[in-house]
Amino acid sequence: MNELQLPSIDYAALAPILIVFGAAVVGVLVEAFLPRRSRHPVQFATALIALVAAVVMVVRNASTRSLTAAETVAVDGPTLFLQGTILVLGLVALLLIGERSVEQGGAFVSQAAIVVDSPADRAQAERAPGATEVYPLVTFALGGMLLFVAANDLLTMFITLEVFSLPLYLLCALARRRRLLSQEAAMKYFLLGAYASAFFLFGIALVYGFTSGVTNARGRGGVDFGTISAAVSDSNASPVLLFAGLALISIGLLFKVAAAPFHVWTPDVYQGAPTPITGFMAACTKVAAFGALLRVLHVGFAGAAWDFTPVLGAVAVLTMLVGAVLAVTQTDIKRLLAYSSVANAGYLLVGVLALSRDGLSSTMFYLVAYGFTVLAAFAVVTLVRDADGEATHLSRWAGLGRRSPLIAGVFTFLLLAFAGIPLTSGFTSKFAVFGAALDGGQAWLVIAGVVTSMVLAFPYLRVVVMMWLSEPGETTPAVAAPGWATGVAVGIGVLATLALGVAPGPLLDLANGAAEFVR
């Protein structure tokens, strides 16, 4: 009888993930045992300390390059870079989530079970403290994202996809105001996300069938990326299994990155979710999803690049085109930023499809730059409000520059960064991914990217003109004084957007040094 051999586990390499998951469990216990009035400061501090500790451990692991936990988790340069990105952006998002002075009680409903538009609902919207369950949900989501970018086999990737997706579905439904819109957004996200997960899982089954003829240390077949790579190079199985499996897996991942035609959830969810959660998803979820997509294409299926590049290239062009054209038609600032996110997913796909070290490093740089800018943009959106909450209709922003020049100036700078104006991070990040794509022979993608960038500049500049050249009207909302948390979040986002536009070299060098997968 063979003795059971337990896999070796490098706990130091897994420390950032374990710290964040541990904080999530502590948050659940806090909800169970602490009185309601004490929960917010304790939950906020617990989550904040855990994320800072996890960042410290990522830095300490900077030189680690290994496969651990029976080779299901890869700790390498891209893993550590993306984990650090998720944690830092998560810290900024946590400041927005923890804000309680812009709106009394915060952006979240007091009790999710309260009937919408009932007297109790109207009362909680005015004065009740927001739900603190959001903190363990956010930390569970962040823990799932950290493991998602490190997953070295498709089954681990699927499990972690669900770990961070399920909390996001719940968080989208917890808006304090416009609760029907929030609940509708959560339901759409959940249903479409379930379909995407089913596609992903079916793709795993087909890929496993394709690898069944390959022998590895655990027997025949497998869904780890080493076995998949070997099967792509030398397998007698039908290539239909390979291409169908890769297509279905790609659908699951492209749904998460909001690439067309799998983007249809994005504008509704971005509009209906609490704005801090919208920013959290726009920044952190995009980093996690692209991190997984990079590993799948660069490590597992690199041998099939000649086959999948034209198809994913067409998806990238469609994504850029849909995001740019539909952004022009939007009348709500959150929906405009949603279609901007769709277009930026297309630009990131350009970097992914360069399939080179420069493509990998430029994509990781783009994720950092875009994450800081989009978080700052949504932080500004939380400040422009009236008696009914946030004023997101574009017509309400007319004349904002005369009523609040500082906030309008900050938002103008962020919109110019989205448009890719020089001396902003938007310009340097687009320049980096387009340059990598040109070097990789993908000139057609670069041409599409440049053209759609020019189209996408119009809706951004329209908002700028509206804020500065229109007279403020009776419906022009006031701008709430930011609390310390929102002020810090906006400041970090603006400074990062400026610094990465003026001096991108250090981060580009760091990304280039980290751009090598463990195989």
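Two rings of Phe, Tyr or Trp (its six-membered ring) pair up if their centres lie within 6.5 Å; planes under 30 degrees apart are stacked, over 60 edge-to-face, and the rest tilted. By that rule, the whole structure holds 17 aromatic pairs. Keep in mind that this is a predicted model: local features need pLDDT of at least 70, side-chain atom pairs count only at pLDDT 80 or more, and totals for chains, interfaces and linings use all residues. Residues are numbered from 1 along each chain as its sequence is written, and side-chain values use heavy atoms, with hydrogens and water left out.

View 1. F148 belongs to helix α5 and F164 to helix α6 (helices are DSSP runs of H or I, at least four residues, numbered from the N terminus). Both F148 and F164 are buried, meaning under 20% relative accessible area (1.4 Å probe, protein chains only).

**View 2. Y347 and F434 make another edge-to-face pair.** Here it's 6.2 Å centre to centre and 85° between the planes. Y347 is in helix α13 and F434 in helix α17, so the pair ties together parts 87 residues apart in sequence. Y347 has a relative accessible area of 0%, and F434 comes in at 10%.

View 3. A disulfide needs two cysteine sulfur atoms within 2.5 Å, and the count comes to zero disulfides. C172 is buried at 0% relative accessibility, and C284 is buried at 0% too.

Conventions
Buried means under 20% relative accessible area, exposed over 50%, partly exposed in between (1.4 Å probe, protein chains only). Helices (H or I, at least four residues) and strands (E, at least two) are DSSP runs, numbered from the N terminus.
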